[in-house]
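Biologist: I have a chain to look at and a few questions. Can we go through it piece by piece?

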Amino acid sequence: AKASALFLRLAETGRISNREKFRNLGQKSGKRGSGGELWEFKSFQDRFIGNFRPHNRFIVSTYTKKKQDNLEPSVVARAVRIMAENDAFEASFGVSS
């Protein structure tokens with residue numbers, strides 16, 4: 001329910017200013033400044049990782065339960081791979097990303 005409220009706030013306002021709940025992963029995601037930046041929704045130990053897309057979309061690519069301070073590099077790599085697969089899928093249908 002708490003994560004749902006965060007997504008609803010993002011949909012209504014377009015942003016979440018609380019860095020404890022929503023933060024940019026920065027250089028961890030690789031393509032800084034190219035639209036490939038990953039963002040993390042945090043609600044207790046639940047982590048939803050995704051990024052902003054054109055046409056006012058936010059796509060969640062990965063979910064994990066985080067039990068330590070640092071996010072596992074394999075989780076970030078999986079999120080980057082899934083977003084690349086999503087881009088290829090949308091391109092095959094002519095959806096502009």
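Biologist: Where is Phe93 found?
Modeller: Keep in mind that this is a predicted model. Helix α2 covers 73–92. Phe93 is found in the segment after α2.

Biologist: Is Phe93 buried or exposed?
Modeller: The cut-off for exposed is over 50% relative accessible area. Phe93 has 60% relative accessibility. Therefore Phe93 counts as exposed.

Biologist: Which residues form a nonpolar patch on the surface, and with how much accessible area together?
Modeller: Phe93 is one of the residues in the patch. Phe89 and Val95 belong to it too. Together, Phe89, Phe93 and Val95 have an accessible area of about 340 Å².

Biologist: Which residue with positive phi follows α2?
Modeller: The phi value is near 75°. The residue that follows α2 with this value is Gly94.

Biologist: What does α2 reach from its first C-alpha to its last?
Modeller: α2 has 20 residues. At 1.5 Å a residue, 28 Å is expected. The model comes close to that, with a reach of 29 Å.

Biologist: Which residues in α2 are buried, and what arc do they cover around the axis?
Modeller: The buried residues are Val75, Val76, Ala79, Met83, Asn86 and Glu90. They sit on the same side of α2, because the arc they cover around the axis is only 100°.

Biologist: Which residues are exposed on the other side of α2?
Modeller: Phe89, named above in the nonpolar patch, is one of them. Pro73 and Ser74 are exposed there as well.

Biologist: What covers the buried residues of α2?
Modeller: Strands are included in the cover. One of them is β4, at 57–65. The other strand named is β3.

Biologist: Now the loop between β2 and β3. Is Phe44 buried or exposed there?
Modeller: Phe44 has its place in that loop. Its phi is positive, near 55°, in a residue other than glycine. At 72% relative accessibility, Phe44 counts as exposed.

Biologist: How far apart in space are Gln45 and Lys67, C-alpha to C-alpha?
Modeller: Gln45 also lies in the loop between β2 (39–43) and β3 (46–53). Leaving out residues up to four places away in sequence, Gln45 touches Thr64, Lys65, Lys66 and Lys67. Gln45 and Lys67 are 22 residues apart in sequence. In space, their C-alpha separation is 6.4 Å.

Biologist: Is Ser43 buried or exposed?
Modeller: Ser43 has its place in strand β2. Beyond residues up to four places away in sequence, it touches Lys2, Ala3, Leu6 and Lys21. Its relative accessible area is 7%, and therefore Ser43 is buried.

Biologist: What distance separates the C-alpha atoms of Ser43 and Ser4?
Modeller: The two residues are 39 apart along the chain. Their C-alpha atoms are separated by 9.6 Å.

Biologist: In what order do the elements of the chain run?
Modeller: The chain has two helices and four strands. From the N terminus on, the order is α-β-β-β-β-α.

Biologist: What share of the residues of the chain counts as buried?
Modeller: The chain has 97 residues. It exposes about 6,300 Å², with 52% of that supplied by carbon and sulfur atoms. The buried share of the residues is 37%.

Key. Residues are numbered from 1 along each chain as its sequence is written. This is a predicted model: local features need pLDDT of at least 70, side-chain atom pairs count only at pLDDT 80 or more; totals for chains, interfaces and linings use all residues. Side-chain values use heavy atoms; hydrogens and water are left out. Contact means heavy atoms within 4.5 Å. Patches are made of residues with over 30% relative accessible area and no salt bridge: like charges are joined within 9 Å, nonpolar side chains (Val, Leu, Ile, Met, Phe, Trp, Tyr) within 5 Å. Accessible areas come from the Shrake-Rupley method with a 1.4 Å probe; for residues, only the protein chains shown count as cover. A salt bridge is a side-chain nitrogen of Lys or Arg within 4 Å of a carboxyl oxygen of Asp or Glu. Buried means under 20% relative accessible area, exposed over 50%, partly exposed in between (1.4 Å probe, protein chains only). The expected span of a helix is 1.5 Å times one less than its number of residues. The arc is that of the directions from the helix axis to the C-beta atoms.
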